[in-house]
Amino acid sequence: MELLKKFFNGEVTLWKSYWLVFWLLGWLVFLAAIFLFKGNMVGILITLIWAAYTAIGVWRSSNNYQGKKVWSILAKIAVVSNTIGASNLMLYGFAPLGIY
């Protein structure tokens, strides 16, 4: 639980926040939502909550990042792109993926 709080507050390193939580776990949550919930509203809701949680955590982590500025900027671009994708999911559900 402490790790989840640290992530949300941006206290986890940027590479761990982006690659492990945002990217890897994000895909696992997305795939689980598709296959376990068959694209229904529960799956969409879980995916949207996870997308919001990870977006905030990565954004805050990138604000705290002390390395090259380009990595912080790229992480934020990925967060914005993912947010657009999550918004698309909210509007259209999993139908574009062929799951009804």
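G10 is buried, with a relative accessible area of 5%, where buried means under 20% relative accessible area, exposed over 50% and partly exposed in between (1.4 Å probe, protein chains only). The residue belongs to the loop between α1 and α2 of a predicted model, in which local features need pLDDT of at least 70, side-chain atom pairs count only at pLDDT 80 or more, and totals for chains, interfaces and linings use all residues. Residues are numbered from 1 along each chain as its sequence is written, and side-chain values use heavy atoms, with hydrogens and water left out.

**Surroundings of G10**

- Not counting residues up to four places away in sequence, G10 touches G57, R60, S61 and N64; a contact here means heavy atoms within 4.5 Å.
- G10 and R60 are 50 residues apart along the chain, and their C-alpha atoms are separated by 4.4 Å.

**Overall architecture**

- The protein chain holds 4 helices and 0 strands, and its elements run α-α-α-α from the N terminus on. Helices (H or I, at least four residues) and strands (E, at least two) are DSSP runs, numbered from the N terminus.
- Of the 100 residues of the protein chain, 34% count as buried.
- Among contacts in the protein chain with a separation of 6 or more, 73% come from residues 24 or more positions apart.
- The protein chain exposes about 6,700 Å², of which carbon and sulfur atoms supply 72%. Accessible areas come from the Shrake-Rupley method with a 1.4 Å probe, and for residues only the protein chains shown count as cover.

**Confidence**

- The average pLDDT of the protein chain is 87, and 89% of the residues score at least 70; pLDDT is the predictor's confidence in each residue, from 0 to 100.
- Among the elements of the protein chain, helix α1 (residues 2-8) has the highest mean pLDDT (93) and helix α4 (residues 69-92) the lowest (87).
- Where pLDDT is low, the predicted coordinates should not be read in detail.

- S17 is located in helix α2 and is buried, its relative accessible area being 0%.
- A polar atom of the S17 side chain lies 3.4 Å from the backbone oxygen of V12.
- With neighbours within four places in sequence left aside, S17 is in contact with F7, V12, F22, V58 and S61.
- A75, in helix α4, is also buried, at a relative accessible area of 6%.
- Leaving aside neighbours within four places in sequence, A75 is in contact with L14, V58 and S62.
- The C-alpha atoms of A75 and N63 are separated by 10.0 Å, the two residues being 12 apart along the chain.

**Nonpolar surface of the model**

- W15, W19, L20, W23, L24, L25, W27, L28, L31 and F35 form a nonpolar patch on the surface, with about 1,100 Å² of accessible area together.
- Patches are made of residues with over 30% relative accessible area and no salt bridge, with like charges joined within 9 Å and nonpolar side chains (Val, Leu, Ile, Met, Phe, Trp, Tyr) within 5 Å. A salt bridge is a side-chain nitrogen of Lys or Arg within 4 Å of a carboxyl oxygen of Asp or Glu.
- L25 is placed in helix α2 (residues 14-37) and counts as partly exposed because its relative accessibility is 36%.
- W23 likewise lies in helix α2 and is partly exposed, with a relative accessible area of 40%.
- W23 and T54 are 31 residues apart in sequence and 9.1 Å apart in space, C-alpha to C-alpha.

Technical notes:
A polar contact is a pair of N or O atoms within 3.5 Å; within protein, one must be able to donate a hydrogen and the other to accept it, and residues adjacent in sequence count only if both atoms are side-chain atoms.
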